[in-house]
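Subject: Structure handover and notes

Dear colleague,

Please find below the structure that I promised to pass on to you. My notes follow it, and I would be glad if you read them with the model open beside you.

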Amino acid sequence: MIDLAQELRESAKATFYDPLKSELNRAADRIEELEAALRRLTSTCDCWAAVEECGKARELLGVKDV
């Protein structure tokens, strides 16, 4: 599987345009946060913990509760 966050960080290192470098690193951070939240969600047995992780994932994605 391609590690998108790592590729973004490598692209950030290769660019000389600071605003782009900053955006690439921020995107990589968000991807890593989402991956961590999804890993915790899939390994959660407790229903309430799963609901909590879903809330965190929604926050990261900017999704409103429905």
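What covers the buried residues of helix 1? The cover includes helix 2, where cover is judged by contact, that is, heavy atoms within 4.5 Å, and where buried stands for under 20% relative accessible area, exposed for over 50% and partly exposed for what lies in between (1.4 Å probe, protein chains only).

Before the details, some words on the basis of these notes. This is a predicted model, in which local features need pLDDT of at least 70 and side-chain atom pairs count only at pLDDT 80 or more, while totals for chains, interfaces and linings use all residues. Residues are numbered from 1 along each chain as its sequence is written, and side-chain values use heavy atoms, with hydrogens and water left out.

Overall picture

The chain holds 3 helices and 0 strands, so that its elements read α-α-α from the N terminus on; helices (H or I, at least four residues) and strands (E, at least two) are DSSP runs, numbered from the N terminus. Of the 66 residues in the chain, 18% are buried. Among contacts in the chain with a separation of 6 or more, 24% are between residues 24 or more positions apart.

The largest nonpolar core has 6 residues, namely Ala5, Leu8, Ala12, Leu24, Ala28 and Ile31, and to it helix 1 (4-14) and helix 2 (18-42) each supply at least two residues. A nonpolar core here is a set of buried Ala, Val, Leu, Ile, Met, Phe, Trp, Tyr and Cys residues joined through side-chain atoms within 4.5 Å.

The buried residues of helix 1 are Ala5, Leu8, Arg9 and Ala12. Seen down the helix axis, they fall within an arc of 100 degrees, and therefore line one face of helix 1, the arc being that of the directions from the helix axis to the C-beta atoms. As background, an α-helix has 3.6 residues a turn, so residues three or four places apart point the same way. Lys13 and Ala14 are exposed on the face of helix 1 turned away from its buried side.

Arginine 9, in helix 1, deserves a separate look. Arginine 9 counts as buried because its relative accessibility is 18%, and its side chain makes a polar contact with the side chain of glutamate 32 at 2.9 Å. By a polar contact I mean a pair of N or O atoms within 3.5 Å; within protein, one must be able to donate a hydrogen and the other to accept it, and residues adjacent in sequence count only if both atoms are side-chain atoms. Not counting residues up to four places away in sequence, arginine 9 touches Asn25, Ala28, Asp29 and Glu32.

Helix 2 has 25 residues and reaches 36 Å from its first C-alpha to its last, close to the 36 Å expected at 1.5 Å a residue, the expected span being 1.5 Å times one less than the number of residues. Its buried residues, Leu24, Ala28, Ile31 and Ala37, pack against helix 1 and helix 3.

In helix 3, the buried residues are Glu53, Ala57 and Leu60, and because they fall within an arc of 55 degrees seen down the axis, they line one face of the helix. These buried residues of helix 3 pack against helix 2, whereas Cys47, Trp48 and Glu59 are exposed on the other side of helix 3. After helix 3 comes glycine 62, with a positive phi near 75 degrees.

Leucine 41, found in helix 2, is partly exposed at 24% relative accessibility, and touches Ala50, Glu53 and Cys54, not counting residues up to four places away in sequence.

With best wishes
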